[in-house]
Amino acid sequence: MAAAAVAAVRAWFWNERFWLPHNVTWADLAGEPDGELQYPRASHVLSAFPLALGIFAVRLLFERFIAKPCAINLGIQDSGAHRAQPNAILEKVFTSITKKNCLASFTSYWKSIALLRSAPLLSLAIWGNAFLFLCQVEVTCSSKSIQSVEVRPDKWWDAECWQQSPDGKRLEGLSKQLDWDVRKIQRWFRHRRNQDKPTTITKFCESMWRFTFYLSIFLYGIRFLWTAPWFWDTRQCWYSYPFQPLTSRLYYYYILELAFYWSLMFSQFTDIKRKDFLIMFVHHLATIGLITFSYMNNMVRVGTLVLCLHDASDFLLEAAKLANYAKYQRLCDAFFMLFGVVFIVTRLGIYPFWILNTTLFESWELIGPYPSWWLFNGLLVTLQILHVIWSYLIVRTAYKALVRGKVSKDDRSDVESSSEEEDVTSNSTKGVFSTSSNGSNRINGHVAGGQWTEEE
């Protein structure tokens, strides 16, 4: 009975009329027994898992023996934030607030996801990616404390989980219980929150690893595609489709990209804890889903174009972060501006007029539509909508840079707070997303807020 149910589910999932063009079966794509002619198979994606673990191990070695020495040579200190003095009562309050608020945010997030449960899984995941840039918190700071947290209707996700401090009434109760003034208790919560934040050298090592991988995979992709006929004529993506042999170089490129994103899924639980953890989780699922879907459907030729196009700007963003952590502000600004130009040109220019043109129109003409074709193009069009949102945020950041004289923060990042030195400075307002006296920024996220920090 159970075996029959499993067989029925497999038959439903691998329905040829959904995955393949008309008059094509999975048997047609089995390849030749001698191995000279091979097509992508679903089992191939399983090799990404051990490769992802290998990439994760290489990353740990890279960060320890290469990135960290580079950071030290650049003068980046491996010092943490001021630690709050031990206090069992305040620690208990801090823990209870953190669990309660993060659970509330978690519940709200998945309730909103449940509203979309009728949508296909990959479509749901890619729409979840949009939250990465829309769900943000506007925080107004002074030199001494956080003045306000404004949550707009589209920014519900991070506010409560980030604001790990008791309300005014509870502060007064703690003040009487401990015989401390309210300001001292607020300072304790700020220090307690800060001591869990990653050091600059930790963020530098993480960004240096991503910079190295993004740059390497982009150069490999360019070298591979330079000799590929579909790079120069996108109609080659559809000639003889789906009977397009899988070459070893194409296989390694695709599986390496897939393994890297699986490694990000693994490392997300050990990496810098960011305010957009669940949103980034959905983002990685969407990316993995698109890569896996296009591979099993043998749309790998156009898939390589999409991968390479998106890799073109990622390493520039990481380079800007590295310059920021090393306190080379002009270099940071230059890299960010270059990132913005490349991002907008590739995502608003090349992507719609080159990628979408071939997936929507040239493929329609050469192979015609079928169910998985509609889903694939739906996801690519959704991705273009996200490109427009991201480009708007980048342009807004660039505008603020021209007005303020320095690049604004990456709005996807981990949340950072002010340092201990803020407590003894003047009470004059430094504005939204201002920088603490130790040079680190208080609030961050991907491309919209105040000054730079880390990613996501």
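Of the 456 residues of the protein chain, 51% count as buried, a term that denotes under 20% relative accessible area, with exposed meaning over 50% and partly exposed lying in between (1.4 Å probe, protein chains only). The model is predicted: local features need pLDDT of at least 70, side-chain atom pairs count only at pLDDT 80 or more, and totals for chains, interfaces and linings use all residues. Residues are numbered from 1 along each chain as its sequence is written, and side-chain values use heavy atoms, with hydrogens and water left out.

**Overall make-up**

- The protein chain contains 15 helices and three strands, where helices (H or I, at least four residues) and strands (E, at least two) are DSSP runs numbered from the N terminus.

**Annotated transmembrane regions**

- An unreviewed UniProt entry lists residues 211–231, 251–270, 277–296, 335–354 and 374–395 under "transmembrane region"; positions follow the numbering used here, feature names are shortened, and annotations may be inferred rather than shown by experiment.
- Residues 211–231 are 90% helix and 0% strand, with end C-alpha atoms 25 Å apart.
- Residues 374–395 are 100% helix and 0% strand, and their end C-alpha atoms lie 32 Å apart.

**Cysteine 308**

- Cysteine 308 belongs to helix α13 (residues 300–325).
- Cysteine 308 counts as buried because its relative accessibility is 5%.
- Beyond its neighbours within four places in sequence, cysteine 308 is in contact (heavy atoms within 4.5 Å) with Phe218, Gly221, Ile222, Leu225 and Tyr253.
- Leucine 219 is 89 residues from cysteine 308 in sequence, yet their C-alpha atoms are 8.8 Å apart in space.
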